[in-house]
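The following report concerns the packing of secondary-structure elements. Please consult the sequence and the 3D structure alongside the text.

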Amino acid sequence: METTLITDLTVADICNGFSYSKLEAKGLFGWGGKLIIQPEYQRHYIYGDGKHDADVIYSLLKKYPLGLLYFVKRPDGMYEVLDGQQRITSFGRYVTGHFSIIDEDDKKEKQFSALPKDKREKILKSPLTIYACEGTESEIKQWFETINIVGMKLTEQEKRNAIYSGKFVTEAKKVFSNSSNTNMIKWRTYISGDPKRQEILEEALRWVAEAENDNKRIERYMSEHRNNGDITELTNYFDSVVGWINSTFKDVEPKMKGLEWGRLWRTYHLQGYNPDVLSEKIQKLLADTQIEDQSGIWEYVLGGEQDTQLLNVRVFDQRTKRIVYNQQTADAKATGKSNCPDCALGHENICHKIYKIQEMEADHVTAWSNGGNTDIKNCQMLCKRHNREKGNR
């Protein structure tokens, strides 16, 4: 990777051709049109609170260094801001008349054009220290992660957008990172995250790359499509998953948000379901106080209500287990039988065995799936072998 130190640029140079989108709240271009201030991977402008942006200007007036700026040089000769976008947008906005500061000499609020000439020149002539890099995707990725150690951390998808920036990211962001998209409300009922932080886009990529537990697949997919502005495969896949969710489940519940819908679609979308029957089952399960993990309900019903581990059904507490163990053990000793009810019915070698409490497990006499509650009246202690053989019967 080639890294170039640039020290001959000033604020005036970067502000040449500066443009700012108030609608999108971001700086767009500078340096005579060859600097992209707001690449796809950068967040919206967050300094515009009247303090942070003003602090940037005060630093320039006091000749404080703004710190290093990092640019990436693209193959087409354009540059993108990798780190420093907030600072550049602040001084660009001030020089182009987008906000005012308090002049520390006369305590009056002034836009850039109202400042004394010497102060305007001090700002414009402020030197900048810039590192520009040019290299492969992997080299830029490593460099990017090294310098991204201060300030507001970028999300993983924001980092990916930086590394694989190009036509694909540009087009994908228009759909999945646009908070004004009319579909966004519906999408965010199922997907956790902020579109401005690229988290909806990340989930869409996760689905199409089939990458629930392998983020490298997302990177591979982005690399393969980097210079292709056709995002049809991505949008079609995404629409298929969302369409399946809408047609399969009648009710929208808060616990549906953030589920692994891509994996669930791949596993179950070829099976037929009756939405009315699913809705009735889901509502019953949501009302069941024995279920401690409601987020597992949807996969539980899709899978034919077989895997109760998805629900984390409430277990017996230690006090209940101790009481039941003591009673069973006392009764067993009085009758000369095992304190495990199943062993007591077995052959001579085990029918008289008395187990220690740590050798036993609590069991629902009537299984939860058959309507049994997790209370002391429905609790029995079984030896570990018999309890695990019983399963959910």
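## Crossing of helices 7 and 11

Helix 7 passes helix 11 in a right-handed crossing, the near helix being turned clockwise from the far one by less than a right angle. Axes are lines fitted to C-alpha atoms over the stretch in contact, with angles from 0 to 180 degrees between N-to-C directions.

In this contact (heavy atoms within 4.5 Å), Phe168, Ala172 and Phe176 of helix 7 meet Leu234, Thr235 and Phe238 of helix 11. Five of these residues are nonpolar, one is polar and none is charged.

## Basis of the model

The model is predicted: local features require pLDDT of at least 70 and side-chain atom pairs pLDDT 80 or more, whereas totals for chains, interfaces and linings use all residues. Residues are numbered from 1 along each chain as its sequence is written, and side-chain values use heavy atoms, without hydrogens and water.

## Packing of helices 9 and 10

Helix 9 (residues 199–208) and helix 10 (residues 215–225) pack at about 90°, with axes 9 Å apart. Helix 9 is thus roughly perpendicular to helix 10 (65 to 115 degrees). Glu202, Leu205, Arg206 and Val208 of helix 9 and Asn215, Ile218, Tyr221 and Met222 of helix 10 make the contact, which comprises five nonpolar, one polar and two charged residues.

## Strands 10 and 11

Strand 10 (residues 360–364) has four of its five residues buried (under 20% relative accessible area, 1.4 Å probe, protein chains only). Strand 10 runs antiparallel to strand 11 (residues 379–383), joined by five bridges; pairing requires at least two DSSP bridges. His364 stands opposite Cys379 of strand 11.

Notes. Buried means under 20% relative accessible area, exposed over 50%, partly exposed in between (1.4 Å probe, protein chains only). Helices (H or I, at least four residues) and strands (E, at least two) are DSSP runs, numbered from the N terminus. Ala, Val, Leu, Ile, Met, Phe, Trp, Tyr, Cys and Pro count as nonpolar, Asp, Glu, Lys and Arg as charged, and the others, Gly among them, as polar. Angles under 35 degrees count as roughly parallel, over 145 as roughly antiparallel, 65 to 115 as roughly perpendicular and the rest as oblique.
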